Amino acid sequence: QTQLGELLKPMREQLDGFRKKVEEIHVADVKERSSLGEQLNQLRELNQQINQEAVNLTRALKGDKKAQGNWGELILERVLEQSGLRKGTEYETQGAFRNADGKLLKPDVVIHLPEGKDVVVDSKVSLLAYNHYVSTEDDDLRAQFLREHVQAVRQHIDQLSGKDYGALKGLRSLDFVLMFMPIEPAFVAAFQADEKLFTDAFEQRIVVVTPTTLLATLRTVENIWRYERRNEHARDIADRAGAVYDKLRGFVEDLEKLGNQLETVHGTYEGVMNKLTRGRGNLISQSQKFIELGVKVKKELPKTILEQADVGTEDELQERETIPPALAESKTK
């Protein structure tokens, strides 16, 4: 029983781990499905907040470029928090990388993808001209500020293209960079005023995104990571299943070996018992004749052994001596 317990213990542990992993995957999948509606509501609320903050920005910043940049980074950070990606795991902020010339570049956000790929997000586009555009009521000035706004966006696209993030050491970037514009109306105004702006940016491997489009992109990335983790769990389960099968095979082989050993032991036992209690001239019957000859012993052999050998105890032997043969034969029958 102890040996069987030791053989079964590793297989039982493997089966418990297999069951727990399946239950964890099932619980995580249910939680993810139940949270989808809540995340969509959060997306809608976030978009409303961003639009309201865009109005506040045009009233409060008054051309302060540093404050405007900090505000854009804050909006970007909020979008990242709503995406479901984990900071330090699926994305990094304010990383430092060097290009081929040794120049240090610091992309705002680096989003990690499965298979070792990265996506760079930049949020340093200037929106000063757009602030002037929305705050003035003079049509001529509005047209002038709109042109300056388009020019500022195009200039930043050219700057991003020149940085060549894909060639940075330690960064395995894809062939495009996400240029983040924190104010949706600023994006719409620029690309409506210059219809070629989006195409020109794409040709330079720059994709301009807003909070809404960036969040949708990040949610897609989060789904990719979720499926990747699920595939890892599936591979883990497959490995555990293989380990359980190997343990089971080893257990069956040991069990067969144990059965063969038991059969061998049983055969040896039968041979010993044949010599001891069975057949003519067995050891028990011969040793019991010593008592018949008057040898005194301190303790007789067990009665069960004597019965197997068809030999009586000392009292029975004495009784046989006093009873006539015919009567003893009748009593035995």
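Modeller: Helices (H or I, at least four residues) and strands (E, at least two) are DSSP runs, numbered from the N terminus. The model is predicted, so local features need pLDDT of at least 70 and side-chain atom pairs count only at pLDDT 80 or more, while totals for chains, interfaces and linings use all residues. Residues are numbered from 1 along each chain as its sequence is written, and side-chain values use heavy atoms, without hydrogens and water.

R205 is not a glycine, yet its phi is positive, at about 65°. Most residues other than glycine have a negative phi. With a relative accessible area of 43%, R205 is partly exposed (buried means under 20%, exposed over 50%, partly exposed in between, with a 1.4 Å probe and protein chains only).

Next come the helices. The axes of α3 (residues 128–135) and α4 (residues 139–163) come within 8 Å and cross at roughly 160° (axes are lines fitted to C-alpha atoms over the stretch in contact, and angles run from 0 to 180 degrees between N-to-C directions). This angle makes α3 roughly antiparallel to α4 (under 35 degrees is roughly parallel, over 145 roughly antiparallel, 65 to 115 roughly perpendicular, the rest oblique). The contact (heavy atoms within 4.5 Å) involves A129, Y130, H132, Y133 and V134 of α3 with R142, F145, L146, E148 and H149 of α4.

On its other contact described here, α4 packs with α5 (residues 184–193) at about 95°, their axes 9 Å apart, which makes α4 roughly perpendicular to α5. L146, H149, V150 and V153 of α4 meet A186, A189, A190 and A193 of α5.

The structure holds 3 aromatic pairs (rings of Phe, Tyr and Trp, its six-membered ring, with centres within 6.5 Å; planes under 30 degrees apart are stacked, over 60 edge-to-face, the rest tilted). The rings of Y130 and Y133 have centres 6.0 Å apart and planes at 40°, so this pair is tilted. Both residues lie in α3, 3 residues apart, about one turn of the helix. Y130 counts as buried at 7% relative accessibility, and Y133 counts as buried at 16%. F187 and F191 form a tilted pair, 4.5 Å centre to centre with 40° between the planes. These two phenylalanines are 4 residues apart in α5, about one helical turn, and both are buried. Together with F198, F187 and F191 form one aromatic cluster.
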